[in-house]
Amino acid sequence: MLHCLPMIDLRSDTVTRPTPAMREAMMRAVVGDDVLGDDPTVIALEQEVARVTGKEAALFVSSGTMGNQIAIAVQTRPGDDVIMGEGAHAIFYESAAAAALSGVQFSVAGRGGFYTPDELEAVVHPPVAWAPRTSLVAIENTHNRAGGRVWSPAAARAVADRARALGFASHLDGARIWNASVACGVDVETLCAPFDTVSVCFSKGLGAPVGSAFCGPRELVSEARRVRKRWGGAMRQVGILAAGALHALSHHRARLAEDHAHARALAERMATVEGARVDLASVETNLVSIDVVPPAADVARQARDLGLLIGASGRHRLRAATHLDVSYEQIETAAELLARALHEVMNGTTSAKADATTR
Ligand SMILES: Cc1ncc(COP(=O)(O)O)c(C=O)c1O
């Protein structure tokens, strides 16, 4: 095992540690009992997030999952149908919470995580008593399983407009809306505007240790507060965490362009490696999908033994996420290590033979 070496961690943009300045802000946070509604730092964060997303109100929640699930809970009834794109986080990675907590099912529109208004309409059930009733339509921007790809503002608006015309509510899973905004050069408020509700995360590209927000009309946010309490998600002096999120929001958004440049550099390098394939056109933000000839899990294991942590997102697909805690130099090293791991797996060389000193 070569774990005495510092690892470069590209498994996710959630792995970042709070910076010293963020820790300082958290330490100095003025707090109160947020369940009683008097934590000033939480109030400041919620006001700021509402302002940035252009919504009437916002609620600080523990995670992106809670934000999405609250959006579903407050905009559906048990037995309803929720339409999302292929590979949606709420379908793939939220432990069937929508079924367990809200009693809804999903229909999938389009392919690859993106869909058009007509593809949306194609999966709407007829208004008969024996069909599930559609009540909510959602998109994910950027789309995680689609490799961090960005919805074009016009395409997103078209879907939300059609949902509204059909009488459905619309939700934007904006866990990485900050990345989408930087990538397409359109402000967050404009990207959120077509949707009734939005969930955003502070603990991914923005680098806060904890937290997300559910944003929308005041009445729905007030209902969301009730649901959050019901699910055990209301916390007391949580301003300590809100301070980290506030710091992230004001200091770590513009720098996301650096993460995107790092992702592109990694993608370009890996596209030249034998046994790897990268669709360069799909690298739009901080996520890179790398298809590999051997099983991705084997390559990831070998990479770990060389000092690089990277995730397998499919049988032959690796996913790398760039973030606040990786420098350009580390990205160059990561590309070397990954190329080497791939080479070794393809040639049957075991990790025991790997020479750590070349790091
Ligand atoms: C698009 C998207 N939505 C929601 C979430 C859930 O966030 P959390 O891990 O904070 O529950 C994630 C997490 O990676 C995500 O990628």
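Which residues have the most contacts inside the largest nonpolar core?

What you see is a predicted model. The protein has 359 residues. It holds 14 helices and 13 strands.

Start with overall dimensions. Along the principal axes, the C-alpha atoms fill a box of roughly 60 × 50 × 35 Å. The radius of gyration is 21 Å. A compact globule with 359 residues would come out near 21 Å, so the two agree.

Now, how do the parts of the chain meet? Take contacts between residues at least 6 apart in sequence. Of these, 74% join residues at least 24 apart.

Buried residues account for 53% of the protein. The accessible surface is about 15100 Å². Carbon and sulfur atoms own 54% of that surface.

Charges, briefly. There are 36 positive side chains and 40 negative ones. The centres of the two sets sit 3 Å apart.

Back to my opening question. The largest nonpolar core has 45 residues. Val49, Ile177, Trp178 and Phe202 have the most contacts inside that core.

Let's zoom in on one of them. What does valine 49 touch, beyond its neighbours within four places in sequence? Its contacts there are Ala58, Val200, Phe202, Ala213, Cys215 and Leu249. Note Phe202 in that set. Phe202 was also on the list of residues with the most contacts in the core.

Technical notes. Residues are numbered from 1 along each chain as its sequence is written. This is a predicted model: local features need pLDDT of at least 70, side-chain atom pairs count only at pLDDT 80 or more; totals for chains, interfaces and linings use all residues. Side-chain values use heavy atoms; hydrogens and water are left out. Helices (H or I, at least four residues) and strands (E, at least two) are DSSP runs, numbered from the N terminus. The radius of gyration is taken over C-alpha atoms; the globule rule is 2.2 Å times the number of residues to the power 0.38. Buried means under 20% relative accessible area, exposed over 50%, partly exposed in between (1.4 Å probe, protein chains only). Contact means heavy atoms within 4.5 Å. Accessible areas come from the Shrake-Rupley method with a 1.4 Å probe; for residues, only the protein chains shown count as cover. Lys and Arg count as positive and Asp and Glu as negative; His and the chain ends are not counted. The place of a charge is taken as NZ of Lys, CZ of Arg, CG of Asp or CD of Glu. A nonpolar core is a set of buried Ala, Val, Leu, Ile, Met, Phe, Trp, Tyr and Cys residues joined through side-chain atoms within 4.5 Å.
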